[in-house]
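Visitor: I am new to this structure and would be grateful for a guided introduction. Could we begin with the terms and then turn to the details?

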Amino acid sequence: MNRRSVKMFIMCTVIISFFAAVPAFSQELKHNITDKAELKSISMQIKNIRSESKVKMVVFDLVIKNISDKPLRYNAMIYIPGQGSGADAIPEKADQTIPPGEEMKGSVAVLTDNFPTGFSLEIIEE
């Protein structure tokens with residue numbers, strides 16, 4: 001085997017080993033969303049509360065679209081069974097609303113060290 005073949009073999013072995021070691025991940029999502037909003041996207045990540053802290057939180061990034069005919073503000077609540085819950089208003093500022101037909105991003109944090117295997121999401125209008 002030449003040097004290039006050996007490098008390619010090692011690289012493929014590492015990649016295959018990595019994916020074999022990653023457990024299957026499936027999310028169980030329960031949701032209750034007002035008929036005046038549409039959830040356009042949701043993502044989550046684990047972060048430290050502060051850069052020097054070892055305390056972790058799961059941050060859910062939500063994009064919500066106002067599908068009503070008037071400006072609205074929403075409350076987003078997330079519950080992770082056995083780990084905790086969090087809530088926030090979207091938009092965050094009390095004097096702001098989402099205009100009809102527009103989208104806005106918001107975040108909800110839940111203090112936990114573990115990546116959830118399921119969670120409940122509720123979005124209601126204020």
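Guide: Helices (H or I, at least four residues) and strands (E, at least two) are DSSP runs, numbered from the N terminus, and two strands pair if DSSP finds at least two bridges between them. This is a predicted model, in which local features need pLDDT of at least 70, side-chain atom pairs count only at pLDDT 80 or more, and totals for chains, interfaces and linings use all residues. Residues are numbered from 1 along each chain as its sequence is written, and side-chain values use heavy atoms, with hydrogens and water left out.

Visitor: Over how many bridges do β2 and β3 pair?

Guide: Strand β3 covers residues 56–66 and pairs with β2 in the antiparallel sense. S41 stands opposite V63 in β3. The number of bridges between β2 and β3 is eleven.

Visitor: Which residue forms a salt bridge with E125?

Guide: A salt bridge is a side-chain nitrogen of Lys or Arg within 4 Å of a carboxyl oxygen of Asp or Glu, and by this rule the count comes to three. In the pair that includes E125, the closest N and O atoms are 3.5 Å apart. E125 lies in strand β7 (residues 118–125) and its partner in the loop between β1 (28–33) and β2, 89 residues apart. The partner is K36.

Visitor: Is R73, the salt-bridge partner of E126, buried or exposed?

Guide: The closest N and O atoms of E126 and R73 are 2.6 Å apart. E126 lies in the segment after β7 and R73 in the loop between β3 and β4 (74–80), so the pair ties together parts that are 53 residues apart in sequence. Buried means under 20% relative accessible area, exposed over 50%, and partly exposed in between (1.4 Å probe, protein chains only); E126, at 48%, counts as partly exposed. With a relative accessible area of 12%, R73 is buried.

Visitor: What is the relative accessible area of K40?

Guide: K40 forms a salt bridge with E38, the closest N and O atoms lying 3.5 Å apart. E38 counts as partly exposed at 34% relative accessibility. K40 is also partly exposed, and its relative accessible area is 40%.
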